[in-house]
Amino acid sequence: MSDRRTPLDLVRAEPGPAYTATFDGREIQVLPGQTVAAALWSAGVTSWRTTRRTGEPRGVFCGIGVCFDCLVTVNGRPNQRACLVPAEPGDAITTQEGTGHDELR
Amino acid sequence: MNSAEHQDLAVIGAGPAGVAAALAAADAGARVTILDSAPQAGGQFYRRPAAGLGARRPQALHHAWGTWQSLNARLRAHVEAGRVRHVTDRHVWFVERLETRFTVHALIGPEQTEPDTVTADAVVLATGGYEKVLPFPGWTLPGVVTAGGAQAMLKGGLVLPGRTAVVAGTGPLLMPVAAGLAAAGATIAAYIESADPKSLARHASTLVRNPAKLAEGAQYGAALARRRIPVRTRHTVVRAHGTGRLEAVTVAALDADGRIRPGTARRIPCDTLAVGHGMLPHTDLAQALDCTLDGVNVAVDDEQRTDVPGVWAAGEATGIGGAVLSRAEGEIAGLSVAARLLGAAPDPRVLSAAESVRTRLRAFFAAIDTVYAPPAHWAESVTDDTVVCRCEEVTAGEIREAVDGLGAGDLRTVKLLTRAGMGWCQGRVCAPGVAGVAGCPADTARRPFARPVPLDVLAQPGNPSRNEASHD
């Protein structure tokens, strides 16, 4: 990646110090201000949900909070729109399976 | 946190239209609250990187950045002087019309479980629009994103979903998206436009009256050429391929009738497909207020007034037309509100500049609309196993069975028989796709609330004065 221009280069970004969150237990680096979706894309993750009917993987689709395809579980709270919710230091982001409420059944 | 203070005007949305409306009304002496779901003003068009990302040249991702800087500076000055309250992270779900005023009901983001209200004598709906995407096999694969979504994630989070992108669909939005992704380091393997932009020539007289828009198009065209992006017009994406992740797309040429030309299919490896087929206005709040629609748009008069007294609308909600038109409409709305609150008509001399921009650009976007229509026979490529309603996972085969086997002839019946449009997004994404596959008109759905609302918020006493008291 180092030989390629990045979005951060393009706008000459000088982000604050990165912090750590986890995705399914794996540590990922997050830049301050990034949403959960942006943090996951930065970490090379594009799917973080499986659908409740056929178990298909999903991630960001509309990117602006309209489509609800990017639902994810953050700190045990399911059905958070990853494209809207800012990632916070120490967040435990986990793949959401089905409705996200399956453990309640 | 509660906004108990009563305001003259509540503006919903802090994009180009909402900010322009707030500024015009505040300049004329009105007390204004502007409510917006984002943490920063600007809307989708002027979406900026989060402050913590420390972008020193945000303008590298923007067109007409100077215009925004001046709008934003005026907004900040009004906020500092106490003439405008800019309330961020407010997700408005309902506007309640009372006898002589309005209560705007919002949820505080990002959790969206705590309510907040603002009361005002008048409301400007500047709720913007969102992207329309028609279904095709493979469009639910991760790595397939809306063109505007890819742009929003880039502008706001400074991220790309992959390294090699295809940009496809129809409409002028695809140009800045492709140029932006390329500038940010993505390789654009192909730019696939289903329309034939040459047919814009039929609208030459409208185009020459909009030299700034022509220049903008030419700039983006030059940027695509400079980066050697292969552009294919009268082509379409037929299918997205991959297992768990996008790996390639198949594109094909279209004939003059908008059907796929046999033997032209070509597979292009990519890890990102940014796709869009135009835009749709957000009309939920207007519809819940009983504002009349004109087609899919909120109907407004020359002063941007809806047919509900006290409610104005401006920007994409009244018809898709971009940031400059949105600003002109917002300015007209703000000037009209300020005058009407005092029982006067707005001064025609003050309105005239914005009115001529509005006239010119509405004509321009009417021409754009006729040229950049999705291919006429797109639904024929949607295979029976293609998921059309993404939330409820309703396939094209199920929709066709509802029509052919069960006799459904309208969107509502298809929805009741298949659950298409009953999921989280409430049909915002799938309605055009379901209608196209079913072969019925894409009626504008009425949704009681503009976004999901927790039951305990709904269960609170409906009287807005009690809501306010409980938060003081």
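Me: How much area is buried between chain A and chain B?
Reply: The model is predicted. The contact takes 46 residues from chain A and 59 residues from chain B. Carbon and sulfur atoms give 58% of the buried area. That area is about 4500 Å².

Me: Which side chain of chain A meets B:Glu398 in a salt bridge?
Reply: The count of salt bridges between the two chains, A and B, is 5. A salt bridge needs nitrogen and oxygen within 4 Å. One of these pairs has an N to O distance of 3.0 Å. The partner of B:Glu398 there is A:Arg53.

Me: Which element gives the largest share of the side of chain A that touches chain B?
Reply: Helix 1 (7-10), helix 2 (36-42), strand 4 (57-58) and strand 6 (77-81) of chain A each give two or more residues to that side. By class, the side has 24 nonpolar, 12 polar and 10 charged residues. The largest share is 4 residues, and it comes from helix 2 of chain A.

Me: Why is one side of strand 12 and of strand 14 of chain B left without a neighbour in the sheet?
Reply: The open sheet has 3 strands in the order 12-13-14, with antiparallel pairing. Strand 12 (235-242) and strand 14 (266-269) of chain B stand at the edges, so each has a single partner strand.

Me: What is the bridge partner of B:Ala248 in strand 14 of chain B?
Reply: Strand 13 (residues 246-253) and strand 14 of chain B run antiparallel, joined by 4 bridges. In strand 14, the partner of B:Ala248 is B:Pro269.

Definitions and conventions
Residues numbered from 1 in each chain as written. Chains lettered and ligands numbered in written order. Predicted model: local features only at pLDDT ≥ 70, side-chain atom pairs only at ≥ 80, totals over all residues. Heavy atoms only, no water. Pairing = 2+ DSSP bridges. Contact = heavy atoms within 4.5 Å. Buried area = accessible area lost by both parts, 1.4 Å probe. Nonpolar A, V, L, I, M, F, W, Y, C, P; charged D, E, K, R; others polar.
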